Each structure stands twice: as C-alpha cells, then as structure tokens.
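Here is a short briefing on one protein chain. Look over the sequence and the 3D view, then read the points below.

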Amino acid sequence: MKKKIEGWPYHDFATRLSVAVVYAFLASIAVNFFYQPGNIYSSGLTGFAQILTTLSHQLIGRTVPVSITLFVLNMPLFVLAWFKIGHKFTIFTFVTVFLTSFFMHIIPETQLTDDPIICAIFGGAIMGVGIGFALKNGLSSGGLDILSITIRKKTGRSVGSISIIFNVVIMLVAGILFGWQYMFYSALSIFMSGKLTDALYTKQRKMQVMIVTKCPDKVINGIQDSMRRGITIINEAEGAYKHDKQTVLFTVVTRFELPQLETIMKETDPGAFVSISENVRIMGRFYEESLD
C-alpha cells in the first residue's frame with residue numbers, strides 16, 4: 001500500500017517539501033545578497049516587509065528583521081488561501097513562508113556588489129525564478145501570490161502581470177520614503193521578477209491548437225484519455241491540393257501541457273498537420289487543475 005502522510009501520498013509530500021526548500025533558499029539569497037545590501041525593494045509582501053524593517057528603527061528604536069515582518073504580514077493571507085484556494089495549498093504555503101523566514105534569518109547579509117543596477121537585475125531574476133518554480137510545482141511563496149492566484153482564477157490575467165500592478169504601490173512608497181532612485185531600481189527588479197515568473201509558470205499560458213487529421217477518432221481518444229480538454233470537431237474538411245477529406249480538431253491547452261500533446265500526436269497520427277497559436281485569451285470555461 002502506498003505510503004501516505006496524513007492522507008497525502010508520500011511522493012507528493014516529499015516533492016512539495018523539496019520545492020519549498022529550494023524556493024526558500026533562492027528567496028533568501030535574493031534578499032540577503034542583493035536586495036538588502038543594494039537598498040532594493042522586492043515585489044509582493046517581501047517588499048512591504050523590507051519597508052517596515054527600514055522604518056522600524058525610526059519608529060520603535062530598533063530594527064525588526066525582514067524575516068519576522070515577512071512572516072507576520074503573511075498570517076492573514078493564509079486565511080484567504082484556506083477558504084479561496086485550498087487546504088493543502090495553504091498548509092504547504094505556510095511551510096514555504098516559514099522556511100523562507102528561517103533561511104532569511106540564518107543566512108547573513110552579504111554585499112557582493114555596491115552597484116544597485118546589478119543588485120536589482122540579479123535579485124529580481126533569482127526571486128522570479130524562485131516564485132515561478134514554486135508556482136509551477138503547485139506551491140505559493142505566500143504574500144501577494146495568494147491574491148494574484150485568486151484574481152487570476154476570476155479574470156484569467158497572468159500572475160506576473162497582476163503582481164506588477166500590485167507592486168506599483170511598493171515602488172511609490174520606496175520612492176517617497178527613501179529617495180526616488182530606489183523607486184527606479186526597485187521597478188527594474190520587480191519587472192525582472194515578473195518576467196521570470198511568467199517564463200517559468202507556464203500552466204497559465206494558454207495555446208490554441210488546430211489539428212488537421214485523417215484519424216480523428218484516434219487523436220480524440222488519445223487527447224481525452226490523457227488530458228482533460230474539450231475538442232471541437234469540423235467534419236468533411238477538404239484539402240485544396242488533393243481534395244481529400246479530412247477532419248479539423250480545435251482544442252486549447254496550456255504551454256505546460258504542450259510536450260504531452262506532442263507525444264500524443266506522434267503516437268496517434270504523426271502525419272497530421274498541427275497549428276499552434278500562443279498566448280490566446282479565453283472567454284468561458286477552461287479547466288484548471290486544483291492547487292489543493
């Protein structure tokens with residue numbers, strides 16, 4: 001019998017825990033090696049946590065570590081995730097945030113360079129890779145990711161784009177409080193982070209697929225046996241060159257599913273003509289896997 005931990009498959013538990021550790025380490029490197037030394041403010045709640053840490057010395061006479069402010073700010077969002085996204089998702093997000101705060105606390109701040117542009121680019125790239133990797137594997141880094149996923153489920157907008165909208169506030173606050181140059185450096189970092197997140201989190205990118213085939217039944221069965229996708233059938237299509245009768249199939253998949261679709265086509269009808277349109281916008285129902 002397959003080993004389980006509290007009803008969860010052991011393999012799933014181990015995989016998600018490993019992803020959480022990788023993200024926590026990458027986020028800690030981005031913050032402690034690039035953001036904090038370069039006075040660059042990150043995206044999401046990490047950026048708000050940095051601002052509060054910077055202000056804490058002026059307000060209460062002592063500096064509260066980013067690790068503590070980040071963990072406290074995430075607490076109310078765990079409640080939102082529990083009710084709006086999923087229980088397992090929330091539990092693993094809590095684990096991820098805890099590990100991130102822990103690593104940020106134990107990894108010392110290290111100034112690798114005093115160039116703020118380098119800090120912004122590399123800090124944003126590392127943070128974006130961490131966030132995208134976590135989301136791709138069904139985890140959230142917490143904070144505004146939870147709000148972004150909730151809004152994306154309602155509107156269909158990309159997670160990276162939603163995050164950039166939220167993060168305009170962070171840039172403005174950083175500029176007003178600490179100098180406008182920090183707003184521009186932080187904007188560069190947030191842009192890099194958002195683009196890397198979108199590049200890795202391919203489950204949100206939808207692609208329209210048109211298949212012209214002489215074996216429609218085999219192709220349809222292959223797709224529906226392996227993927228939960230609807231298919232529109234156009235019968236009696238005619239080729240202009242040989243005037244032979246073929247069937248046209250339309251479906252929409254995510255970029256994450258594209259390699260699986262390619263394998264199905266090679267197995268069912270390797271001679272089929274397949275046209276793919278990237279980044280299409282969908283109106284209506286489109287099945288997305290549960291994050292729970």
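A salt bridge is a side-chain nitrogen of Lys or Arg within 4 Å of a carboxyl oxygen of Asp or Glu. A search of the whole structure finds one such bridge. Keep in mind that this is a predicted model.

**The salt bridge**

- The partners are Lys 214 and Asp 244, whose side chains meet at 3.2 Å, N to O.
- Lys 214 sits in the loop between β3 (206-213) and α9 (216-226), and Asp 244 sits in the loop between β4 (232-238) and β5, so the pair ties together parts that are 30 residues apart in sequence.
- Is Lys 214 buried or exposed? Lys 214 counts as exposed, because its relative accessibility is 56% and the cut-off for exposed is over 50%.

**Strand β3 and its partners**

- Strand β3 has eight residues, and six of them are buried, so this strand is largely enclosed by the rest of the structure.
- Strands β3 and β5 run antiparallel and are joined by eight bridges.
- Within that pairing, Val 209 has Thr 251 in β5 as its bridge partner.
- Strand β3 also runs antiparallel to strand β6 (residues 273-277), with five bridges joining the two.
- Here Met 210 stands opposite Ser 275 in β6.

**Helices α3 and α4**

- Two packed helices are described by the angle between their axes and the distance between the axes.
- The axes of α3 (residues 66-84) and α4 (residues 87-106) come within 9 Å and cross at roughly 175°.
- That crossing makes α3 roughly antiparallel to α4, because angles over 145 degrees count as roughly antiparallel.
- Which kinds of residue make up the contact of α3 with α4? By class, there are twelve nonpolar, eight polar and no charged residues.
- The α3 side includes Leu 70, Phe 71, Phe 78 and Trp 82. Among the α4 residues they meet as a group are Phe 89, Ile 91, Phe 94 and Met 104.

- Gln 50 lies in helix α2 (residues 44-60). At 0% relative accessibility, Gln 50 is buried.
- Beyond its neighbours within four places in sequence, Gln 50 is in contact with Tyr 35, Gln 36, Ile 40, Tyr 41, Ser 42 and Val 66.
- Thr 268 belongs to helix α10 (residues 258-268). Thr 268 is buried too, with a relative accessible area of 11%.
- Which residues does Thr 268 contact, leaving aside neighbours within four places in sequence? They are Cys 215, Lys 218, Val 219 and Gly 222.
- Glu 257 is found in the loop between β5 (245-254) and α10. Glu 257 counts as buried because its relative accessibility is 11%, and the cut-off for buried is under 20%.
- Not counting residues up to four places away in sequence, Glu 257 touches Met 227 and Arg 229.

- Glu 257 and Met 227 are 30 residues apart in sequence, and their C-alpha atoms are 8.3 Å apart.
- Val 22 is in helix α1 (residues 10-38). At 35% relative accessibility, Val 22 counts as partly exposed.
- Val 22 and Thr 96 are 74 residues apart along the chain, and 9.4 Å separates their C-alpha atoms.

How values were computed
Residues are numbered from 1 along each chain as its sequence is written. This is a predicted model: local features need pLDDT of at least 70, side-chain atom pairs count only at pLDDT 80 or more; totals for chains, interfaces and linings use all residues. Side-chain values use heavy atoms; hydrogens and water are left out. Helices (H or I, at least four residues) and strands (E, at least two) are DSSP runs, numbered from the N terminus. Buried means under 20% relative accessible area, exposed over 50%, partly exposed in between (1.4 Å probe, protein chains only). Contact means heavy atoms within 4.5 Å. Axes are lines fitted to C-alpha atoms, for helices over the stretch in contact, and angles run from 0 to 180 degrees between N-to-C directions. Angles under 35 degrees count as roughly parallel, over 145 as roughly antiparallel, 65 to 115 as roughly perpendicular and the rest as oblique. Ala, Val, Leu, Ile, Met, Phe, Trp, Tyr, Cys and Pro count as nonpolar, Asp, Glu, Lys and Arg as charged, and the others, Gly among them, as polar. Two strands pair if DSSP finds at least two bridges between them.
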